[in-house]
Amino acid sequence: SGFQLGTVSAYLVSPWLMDQMSGLDGGAADIEGWRGMFYIYGVAGLVWLLPWYFLAKDSPSANNNIVSAEDCTETLVNTMIEDDASLVFQECLVENEAGEITKDNAGGAFKRIQDIQLLVQSAPWSDFLRSRGVWGMMLAHGAKNFELYNLLAWTPTFFNQQYGLNTKESALFSIGPSICGMIGGLTAGNLADFMLVKLSSGDSNNG
């Protein structure tokens, strides 16, 4: 639903942005400023990247307070998951919130790679390929992406060529499928949870 909300917001905001950027983004004054719209979205992404870069962590225990670059050592790890798949991890002295100097990153990262390697090697791949549930999820996901990107690419063009509507005029009509997707996703998720609870309670009663 969050993804669909982003699509709805873009359909509503983008026409206004193109109007505002008309003639200011290198295009003619009588042409919608679609170039400027991409510039603004790009800058917004970079602005969002700044707090993400400084505040986001790989895990709650991750600490970016490296004492000194000279106190870091590198470890080459061959994952063995794919041919020649190697990663370089750093082990550095860091200062935690209590002011204590400890080693961080490399040991935990190496352990995570080992866990991932074991998980990939032990996964029941043949059972996945024979599972009707897995095939159902793959087909549903593929169909959803086919529908989504066709709507994103062609809905404004359809309303323009079929009904003569410009981008701003067709925005309210273009968000219809995404709103239906939000409602359908929330409804299907709650219905699936309800069915799982009913099925599990039925199994426990039969047992």
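## Aromatic pairs

The structure holds eight aromatic pairs. Rings of Phe, Tyr and Trp (its six-membered ring) pair if their centres lie within 6.5 Å; planes under 30 degrees apart count as stacked, over 60 as edge-to-face and the rest as tilted. Phenylalanine 159 and tyrosine 163 have ring centres 6.2 Å apart and planes at 35°, so this pair is tilted. The two residues sit four apart in helix H5 (residues 132-163), which means about one helical turn separates them. Helices (H or I, at least four residues) and strands (E, at least two) are DSSP runs, numbered from the N terminus.

Phenylalanine 159 is buried at 13% relative accessible area, whereas tyrosine 163 is exposed at 54%. Buried means under 20% relative accessible area, exposed over 50%, partly exposed in between (1.4 Å probe, protein chains only). Phenylalanine 159 also forms a tilted pair with phenylalanine 173, 5.6 Å centre to centre and 35° between the planes. That pair links distant parts of the chain: phenylalanine 159 lies in helix H5 and phenylalanine 173 in helix H6 (residues 167-174), 14 residues apart. Phenylalanine 173 is exposed, at 52%. Phe158, Phe159, Tyr163 and Phe173 make up one aromatic cluster.

## Model and fold

This is a predicted model: local features need pLDDT of at least 70, side-chain atom pairs count only at pLDDT 80 or more, and totals for chains, interfaces and linings use all residues. Residues are numbered from 1 along each chain as its sequence is written, and side-chain values use heavy atoms, with hydrogens and water left out.

The chain has seven helices and three strands. Along the sequence they follow the pattern α-α-β-β-β-α-α-α-α-α. Of the 207 residues, 16% count as buried.

## A buried serine

Serine 178 lies in helix H7 (residues 176-206). Serine 178 is buried, with 6% relative accessible area. Leaving aside residues up to four places away in sequence, serine 178 touches Gln4, Thr7 and Val8. Contact means heavy atoms within 4.5 Å.

## Surface

The chain exposes about 15,500 Å², and carbon and sulfur atoms supply 64% of that area. Accessible areas come from the Shrake-Rupley method with a 1.4 Å probe; for residues, only the protein chains shown count as cover.

Leucine 46 lies in helix H2 (residues 34-55). Leucine 46 counts as exposed, at 55% relative accessibility.
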